[in-house]
Amino acid sequence: MSLMQANRRQAAQLLLQLNRQLRSLAAFYSSTSCNAPPDVHQLNPVELLGPESLRRCMEKMRNLPAFPRPKSLTPSRREKQSSAVLIALCQERGTNEISLLYTRRSRHLRSHSLQISFPGGRRDDQDASYVDCALRETEEEIGLPRSRIQVWGEANQLVLPRTSSIVPVVGVVHDFSISELRINWEEVEEAFSVPLQALMVPHATRHTQFRSGYSGPVFVVDRHRIWGITGYLTHLFLHCLLPPSLLPDNLKTNIKFIRPFKLPPKLPHHREHSATDPSMRT
């Protein structure tokens, strides 16, 4: 088996595990689901950022089911590393609208360049905790000081095959304006916030269909396409943050297995075709 074939097989196995994880998460949250139709216009900033919302959200974030590891994948050196990301709930200045803060990775980075992510990065030895790591990386990347962030807490560590583990840190930024950021252009191409309401509407929730036949959650808002691990974390966080009565049906839907598209058989070479086609015989 070639190296390319082996990498494709590993990618397919990881996607299968992601699909199973999403299905288990749907079952995990189904006990708290509500049949009442949600109305995204009912989002109340005071309630979403209040103590009851904090308690409910972090209780769920600390009890996320473990990501099942494919048995056929051997551990890699990257798995010994750990990182933290900041999921920042921003209360927009002037409107009080609640948004999530994202960055687009610099085009100059070796891996995942120009992809959308949450602020954050690898934990260093001097970091006292994952919270400290997330706040340090956020300040280094986009110039948002830790004094501006009201930390809610750490989520359960997500141990992912073939990459570093990730600890999501949840925080709130009151009176937020994108203009206050000071972007480190070596690491970040741009920073932007996306309103929660824009992530909840049906036409924003989609999925990535891989050729191997597996799918992952995607959010498309304007020109921004949030997918991969960031789409996965966004999906998890919305389930943890939103009360059952406000969780829209398009976020409750399972992303089911879709069989791979089968390519049609290759046509025989012209010479072979002419030798077997009766119309070409003399």
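Helices (H or I, at least four residues) and strands (E, at least two) are DSSP runs, numbered from the N terminus. Keep that handy as you click around.

**Before you start.** This is a predicted model, where local features need pLDDT of at least 70 and side-chain atom pairs count only at pLDDT 80 or more, while totals for chains, interfaces and linings use all residues. Residues are numbered from 1 along each chain as its sequence is written, and side-chain values use heavy atoms, with hydrogens and water left out.

**Stop 1: the whole chain.** Show the protein chain as a cartoon and you'll have eight helices and 10 strands to look at. Of its 282 residues, 44% count as buried (buried means under 20% relative accessible area, exposed over 50%, partly exposed in between, using a 1.4 Å probe and protein chains only).

**Stop 2: Ser-99.** Select residues 98-105, which make up strand β2, and pick out Ser-99 there. Is Ser-99 buried or exposed? Ser-99 is buried, because its relative accessible area is 1%. Now show side chains: those of Ser-99 and Glu-92 are joined by a polar contact of 3.1 Å. (A polar contact is a pair of N or O atoms within 3.5 Å; within protein, one must be able to donate a hydrogen and the other to accept it, and residues adjacent in sequence count only if both atoms are side-chain atoms.) Not counting residues up to four places away in sequence, Ser-99 also has contacts (heavy atoms within 4.5 Å) with residues including Ala-88, Cys-90, Ser-193 and Pro-195.

**Stop 3: Ser-83.** Hop over to strand β1, residues 82-92, and find Ser-83. Ser-83 counts as buried because its relative accessibility is 9%. Which residues touch it, leaving aside neighbours within four places in sequence? Among them are Gly-121, Tyr-130, Ser-164 and Val-167.

**Stop 4: two helices crossing.** Select α3 (residues 51-61) and α6 (residues 228-241): their axes come within 8 Å and cross at roughly 135°. (Axes are lines fitted to C-alpha atoms, for helices over the stretch in contact, and angles run from 0 to 180 degrees between N-to-C directions.) That makes α3 oblique to α6, since angles under 35 degrees count as roughly parallel, over 145 as roughly antiparallel, 65 to 115 as roughly perpendicular and the rest as oblique. Show side chains here, too: Arg-56 and Met-61 of α3 are among the residues making the contact, as are Phe-237 and Leu-241 of α6.

**Stop 5: Tyr-232.** Stay on helix α6 and select Tyr-232. Tyr-232 is buried, with a relative accessible area of 2%.
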